[in-house]
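Below is a briefing on a predicted model.

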Amino acid sequence: MRRAFLTSVTVLGFFLAPGAAQARDLPHGGMTVEDVASWLQDAGYKAQIQTGKDGAPNIDSSAEGMNFQIYFYDCKDKRCGSIQFSKGYDTGGAFDAKAMNDWTAKDRWVRAFADDVNDPWLEYDVDLTPGGTYELLNDEFKIWRDSLRRFDGVINAKTPGQ
């Protein structure tokens, strides 16, 4: 009986031991543009750091055969507390907003909207702080990729002439 008890305590100790199955934390204070670019490239995705018209850095990337941008927010000392995945579609204003609204009403995470020339956009905000992990960031990126693929199907099915 004592042996069974000690075995149970040993097994329990293994599962509760620090580092046994811990997630890898994101850097304190968020991620830099370079951190995000490295994370994408390490996973096999394109990540080109650019400078926007406003002088702020962003990343041009692609997944599911589609280009998109990553913008950085809540930044302090080059570390940013949140990012935004963004994809715009140039439809020449010919997109059917009803299809986009129907899609948005059913999607829990990613939002879609039409810009001032009636071209659709897809955006997804991700908090990196406090307490973010790379595992959670990978999950968020999967949500983005899945949504991007599904929304692209709506765009291609509902845009005249494409």
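Helices and strands here are DSSP runs, numbered from the N terminus; a helix has at least four residues and a strand at least two. With that numbering, Glu 64 is placed in the loop between E2 and E3.

**Strands and hairpins**
- E2 (residues 57-63) and E3 (residues 66-76) run antiparallel, joined by six bridges.
- Ser 61 faces Phe 68 of E3 across this pairing.
- Two residues separate the strands in the hairpin of E2 and E3, where Glu 64 takes a positive phi.
- E3 also pairs with E4 (residues 79-88): seven bridges, again antiparallel.
- Here Gln 69 stands opposite Ser 86 in E4.
- The hairpin of E3 and E4 likewise has two residues between its strands, and Asp 77 takes a positive phi near 55°.

- Most residues other than glycine have a negative phi, and most peptide bonds are trans.
- Glu 64 is partly exposed, at a relative accessible area of 40%.
- Asp 74 is not a glycine either, yet its phi is positive, about 55°. Asp 74 sits within strand E3. Its relative accessible area is 59%, so Asp 74 counts as exposed.
- The peptide bond between Thr 129 and Pro 130 is cis, with omega about -10°. Pro 130 lies in the loop between strand E6 (120-127) and helix H4 (134-158).

**Disulfide**
- The whole structure contains one disulfide.
- Its partners are Cys 75 and Cys 80, with sulfur atoms 2.0 Å apart.
- The torsion about the S-S bond of Cys 75 and Cys 80 is about 105°, which means the disulfide is right-handed.

**Helix H3**
- In H3 (residues 97-106), the buried residues are Ala 99, Met 100 and Trp 103.
- Viewed down the axis of H3, these buried residues fall within an arc of 100°, so they line one face of the helix.
- An α-helix has 3.6 residues a turn, so residues three or four places apart point the same way.
- Lys 98 and Ala 105 are exposed, on the face of H3 turned away from its buried side.

Notes: Residues are numbered from 1 along each chain as its sequence is written. This is a predicted model: local features need pLDDT of at least 70, side-chain atom pairs count only at pLDDT 80 or more; totals for chains, interfaces and linings use all residues. Side-chain values use heavy atoms; hydrogens and water are left out. Buried means under 20% relative accessible area, exposed over 50%, partly exposed in between (1.4 Å probe, protein chains only). The arc is that of the directions from the helix axis to the C-beta atoms. A disulfide is a pair of cysteine sulfur atoms within 2.5 Å. Two strands pair if DSSP finds at least two bridges between them.
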